[in-house]
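Work through the exercises below with the model in view, trying each task before reading its solution.

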Amino acid sequence: MTNSETEGYIHIPFCAKKCSYCDFLSFPCGREKQQLYVDALIKEIESRSLQNRDYRMRSVFLGGGTPSLLEYGLVKKIMDSMYENYDIMPDAEITIEANPCTLDERKLDEYLDSGINRISIGCQSTNDKQLKMLGRLHDSEGFFKTMNLVKKSGFENINIDLMSGLPDQTLAEWKETLCVIAELGVSHISAYSLIIEEGTRFFEIEEELNLPEESIVSQMYQSTAGILNKYGFIHYEISNYSLPNFESRHNLGYWQGIRYEGFGLGASSFEDNTRFSNTTDFDEYINNSRDKRIRRDIIKLTKEDLYSEFMILGLRLIEGISENEFKEKFNVTLESVFGDTISKHVKQGTLARNNGRIFIPEKYLFVSNQILADFI
Amino acid sequence: MTALKRREIHLNPTPLFCIIMRIIKAKVLYLEEKILSTFDKSHIRNFCIIAHIDHGKSTLADRIIEMTGLLTQREMQDQILDNMDLERERGITIKAQAVRTVYKAKNGEEYILNMIDTPGHVDFNYEVSRSLAACDGAILVVDAAQGIEAQTLGNLYLALDHDLEVFPVINKIDLPSAEPERVINEIEDVIGIEAQDAPQISAKTGLNVDQVLEAIVEKIPAPSGDENSPLQALIFDSVYDSYKGVIVSCRVMNGKVRKGTKIKMMATGAVEEVVEVGYFGAGQMIPCDELSAGMVGYITASIKNVSLTSVGDTITDNDRPCDKPLPGYKKVNPMVYCGLYPADGAHYQDLRDALEKLKLNDASLFYEPETSVALGFGFRCGFLGLLHLEIIQERLEREYNLDLITTAPSVIYKVHKTDGTVFDLTNPTNLPDPSQIDYMEEPIVKAEIMVTTDFIGPIMQLCQERRGQYLGTEYIEQTRAVLKYILPLNEIIYDFFDALKSRSKGYASFDYELEGYQRSSLVKLDILVNKEEVDALSFIVFEGSAYDRGRRMCEKLKEEIPRQLFEIPIQAAIGSKIIARETVRALRKDVLAKCYGGDITRKKKLLEKQKEGKKRMRSIGNVEIPQKAFLSVLKLDES
């Protein structure tokens, strides 16, 4: 009954410091403001749950920002409110994002007590010079210490975020990083190739950065799946790798077009084929989080939008999309909507078709925009 | 008041006329009284202004209109004669037009001044010659700093060919670099006309423009001609108006024409009944009772197409025709052809409609449907020259909102086949198999390049590279000379002018006229993208330049074609022989590394943008080629 399932995203916009590559909504913040924010968040959760009685929540994701920066007790408070107001499924995946050096035993215990069963750690690199360049507050030692704590605490589902294509990074360094992380016994690795986004510090100083050549960056990407595979990881999405059955359920939801409700400052939601995001104005949010008028950029998706999103999100997955699912979901054949585009790409080898599924062959994933743009 | 009322009945409420009413209601009355009463031929002056580009022709025209009181300064928009937006932006005059003003001279008498504007570009030389034929005299404007330039001479010779009385005016004397004395001497030495008492003016500020007005009255002869003879009127312009039909600008040489006259266009044979005659205010039409010998004005006769009223044709009275037409008429033929295609194939019909509408107003525009493997359905279009091409292209894009792909402009080659037949080749793809070709000819021009002596070397080198045949050098003064060359038209239509400017640091000026055809070794150069021939990129080239052109073409295409999923070879070939190759390397990274719930809208926009970019490209096999690649390869950089 996918139709009656929903996902929950909770945005924690606080960071001790902004990283050089980050274009997410986040800023530093003291305890009092945190308290105010969590209160507003809970108001929003309460108010929205009233309109969403029919849905069961299959995953919750506390993202940021740095959710692990929240003072003791606040995560529990948020999760209590979620349990109180939503029908969270017993096997729901509940994730919190954390940065090294913001965790201690007490916080980890609080998370586990709150029902959180997955933790995602923003490691990015194990090279101290690169960490510094990225503007991260931790060093590799800090990361390994944190990892020890996390493992000891009893978390079994652990994700590590890594970045490739960093300034001064070599192919050999990247491969080594992958091995080091894989050997830590984690269940999931997200490996992102650095994208310089507008509005970040890196964007301003891009010319000064000694970024590796495109061919090197491409080799970093192309080598990742093979290396991680040796440790049992399966490449399942453009930038995501997991041990069998440890794919991120929550994130899969985004790529499979599952409904999601985003709570908090700037958080995005997708409800009833409509996408919107909350205000990014902190004071407005604090004062009016219960009110629908904090919603911005409300976009009702047309049939064509939905077809197109099915493809551009679904094709991010290594297994691609299913022709049957398309038909079941939209009551029209994939062939009749995208037949020509698909044939063109299948003919030139940039899409593959197998057992009713259509997917991007591994070697073209890193240039997938060229293919996805044809489905807009 | 009665006159005004009558006028209102005459007028259709077109936007054009709303403007007339608004701007010069009062003046209409004033002017009309003048015409109806006192004027005879001796008080008419028909003249034009000739000048090198940027020497201030249009500014002087503005000032004359302003100072004769047709418009007040407040109503005056700069360069009122150039009423197409495009003309104004480019600062050049494309179509001839005429303005009538009334000037009260220092002798106390009032004169009608008919100022006929002439196009300022060699593409429109024939129209210039017809405008000149409508005049009795010409003002030669020379820039006080720059002196005589190539077009000064070109236009002057044209004017003298038409027996016009020419007097010089030295313009821009307010510039710090002005050297009026030097320029006066230059005019006397080079042109051989008296220039000591030439008005020294600043058209910009209006300084001494009154002297120009007096000189018009004194030096330009009144029109001759017999108003009792059969009608003979010269068409020097015609424009299409959706309410009135074709509006013909003409100079009446003999006889008279009025409403109801059955007129005959002698070259095209068209016969129509005159609906209205009148004259031009500043950009507006003012009807009157009749036009008689010596007058300049317009005629409307519900004519639906400008091709019936060719510039240069003679209008006569169908019931009382003249013996023979005025001399000098010729049918204007296109000199340059190219393919025009809608960027989006779905807009083919829109392009057809737009061309049809432009054609109503531009008899020299030619088009016929053609098909390209690369570009789909489009039109092969003929133009007077590259400027004409660019103007049409811009008007299509701007006024008709069309997104176009233009293929390589081509001159008309004469192909002599082995079976003894000859045909005009306007599209390179129609070149027959080499085994069927006996030989080919290409059009050549006689060019005059005026240049300061410092740059003679580089310019001669340029002309040599462009296969020029040197005819000679004439020194105008110690530091300036005119170089004379025969050049293949093909060598000058793309980028010759730019090259000339860059090699002379902007000091060279250039004028040319078509000379005829000459036999030449020509080959068809094909471009293959990903091993597929792109017909729209083929062109005819001199055999000796083929290797170099092919190489530069490939290099340029390599820059223009974005990297794609595959490696793309770009090759230039003559027949089956590859003469150059470049490779567009495969794209290695183009990915949205992260795409979660909050990213979707934004990331989708990125893909949409990418899609938009793709829309502006044409697929040739697997390869997408941007539209601009089709034209930019023609503007190959120097060396």
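**Exercise 1.** What covers the buried residues of H7(B)?

*Solution.* This is a predicted model, in which local features need pLDDT of at least 70, side-chain atom pairs count only at pLDDT 80 or more, and totals for chains, interfaces and linings use all residues. Residues are numbered from 1 along each chain as its sequence is written, while chains are lettered from A and ligands numbered from 1 in the order in which they are written. Helices (DSSP runs of H or I, at least four residues) and strands (runs of E, at least two) are numbered from the N terminus. A residue is buried if 20 or more other C-beta atoms, placed from the backbone, lie within 10 Å of its own, exposed if 12 or fewer, and partly exposed in between. The buried residues of H7(B) are Val183(B), Ile184(B), Ile187(B), Val190(B) and Ile191(B). The cover includes, from chain B, strand S4 (137–143), helix H6 (150–161), strand S5 (165–171) and strand S24 (469–477), where contact means C-beta atoms, placed from the backbone, within 7 Å.

**Exercise 2.** Explain why the buried residues of H7(B) line one face of the helix.

*Solution.* Seen down the axis of H7(B), the buried residues fall within an arc of 150 degrees (taken from the directions from the helix axis to the C-beta atoms), so they line one face. On the other side of H7(B), Glu181(B) and Asp189(B) are exposed.

**Exercise 3.** State what follows directly after H7(B).

*Solution.* Just after H7(B) comes Gly192(B), whose phi is positive, at about 80 degrees.

**Exercise 4.** How many residues of chain B count as buried, as a percentage?

*Solution.* Of the 639 residues of chain B, 46% count as buried.

Methods
Contact = placed C-beta atoms within 7 Å.
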